[in-house]
Amino acid sequence: MAAFAADDLIESTSGKAHRLRLSGEWTAMHAGDLEALVDRTAATLAGRHVTLDLGEVTRVDTVGAHLLDRLRREIAGNGGKTAIEGGRPEQRILIDAISH
């Protein structure tokens, strides 16, 4: 997984609405980099309406699903809203299972 700055992933769509274009493997192997990315991104997008675009995510394991759920909760905890788009069905099922 390439290291990205949070700002490189964020595509503003209008006002408070943003699209976060995620990519690569969201797996335990990349947990350190992903945790740092989640921390920076959650701080940048606090209180905004964010679509998490999983279209370029190649793999998600339970660690990655937990990190995606944490990102959603931290954005929402600051008055924001999140939605997920894209991703393969099995990725979405795992993320949904982790979040409940």
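Predicted model: local features only at pLDDT ≥ 70, side-chain atom pairs only at ≥ 80, totals over all residues.
A residue here is called buried when its relative accessible area is under 20%, exposed when that value is over 50%, and partly exposed in between, using a 1.4 Å probe and the protein chains only. Take Asp-69: with a relative accessible area of 8%, Asp-69 is buried.

Residues are numbered from 1 along each chain as its sequence is written, and side-chain values use heavy atoms, with hydrogens and water left out.

**The overall layout**

The protein has four helices and four strands. Both come from DSSP runs numbered from the N terminus: helices are H or I with at least four residues, strands are E with at least two. Of the 100 residues, 37% are buried. The protein exposes about 5200 Å², with carbon and sulfur atoms supplying 50% of it; such areas come from the Shrake-Rupley method with a 1.4 Å probe, and for residues only the protein chains shown count as cover.

Contact means heavy atoms within 4.5 Å. Looking at contacts between residues at least 6 apart in sequence, 78% join residues at least 24 apart.

**Helix α3 up close**

Helix α3 covers residues 62–77, which makes 16 residues. From first C-alpha to last it reaches 22 Å, close to the 22 Å expected at 1.5 Å a residue; the expected span is 1.5 Å times one less than the number of residues. At the start of α3, a side-chain oxygen of Asp-61 comes to within 3.1 Å of the backbone nitrogen of Val-63. After the helix comes Gly-79, with a positive phi near 90°.

What do the buried residues of α3 pack against? Their partners are β2 (17–26), α2 (31–45), β3 (49–60), β4 (81–85) and α4 (89–99). Among those buried residues are Gly-64, Leu-67, Leu-68, Leu-71 and Ile-75, along with Asp-69 and Arg-70. Asp-69 is in contact with Ile-98 and Ser-99, leaving aside neighbours within four places in sequence.

The loop between β2 and α2 holds Ala-28, which counts as partly exposed at 42% relative accessibility. Ala-28 touches Asp-61 and Val-63, not counting residues up to four places away in sequence. Ala-28 and Gly-64 sit 36 residues apart in sequence, yet their C-alpha atoms are 6.7 Å apart in space.

**The nonpolar core**

In soluble globular proteins, nonpolar side chains tend to be buried together. A nonpolar core is a set of buried Ala, Val, Leu, Ile, Met, Phe, Trp, Tyr and Cys residues joined through side-chain atoms within 4.5 Å. The largest one here has 20 residues, and those touching the most other members are Leu-20, Leu-22, Trp-26, Leu-52, Leu-54, Leu-71 and Ile-95. At least two residues of this core come from each of β2, α2, β3 and α3. With neighbours within four places in sequence set aside, Leu-71 is in contact with Leu-20, Val-38, Thr-41, Ala-42 and Leu-52.

**Charged pairs**

Side chains of opposite charge can pair when their charged atoms come close. A salt bridge is a side-chain nitrogen of Lys or Arg within 4 Å of a carboxyl oxygen of Asp or Glu. How many salt bridges does the structure hold? There are eight, including these:

| Pair | N to O distance |
|---|---|
| Glu-25 and Arg-59 | 4.0 Å |
| Arg-70 and Asp-39 | 2.1 Å |
| Arg-70 and Glu-74 | 2.9 Å |

Arg-70 lies in helix α3 and Asp-39 in helix α2, so their pair ties together parts that are 31 residues apart in sequence. Arg-70 is buried, at 19%, whereas Asp-39 is partly exposed, at 43%. Glu-74 is partly exposed too, at 30%; Arg-70 and Glu-74 both lie in α3, four residues apart, or about one turn of the helix.

The side chains of Glu-25 and Arg-59 also meet in a salt bridge. This pair links distant parts of the chain, with Glu-25 in strand β2 and Arg-59 in strand β3, 34 residues apart. Glu-25 is partly exposed at 26%, and Arg-59 is partly exposed at 45%. Elsewhere, Arg-19, Asp-53 and Glu-85 are linked in a network of salt bridges.

Technical notes: Polar contact = N/O pair within 3.5 Å; in protein donor to acceptor, adjacent residues only side chain to side chain.
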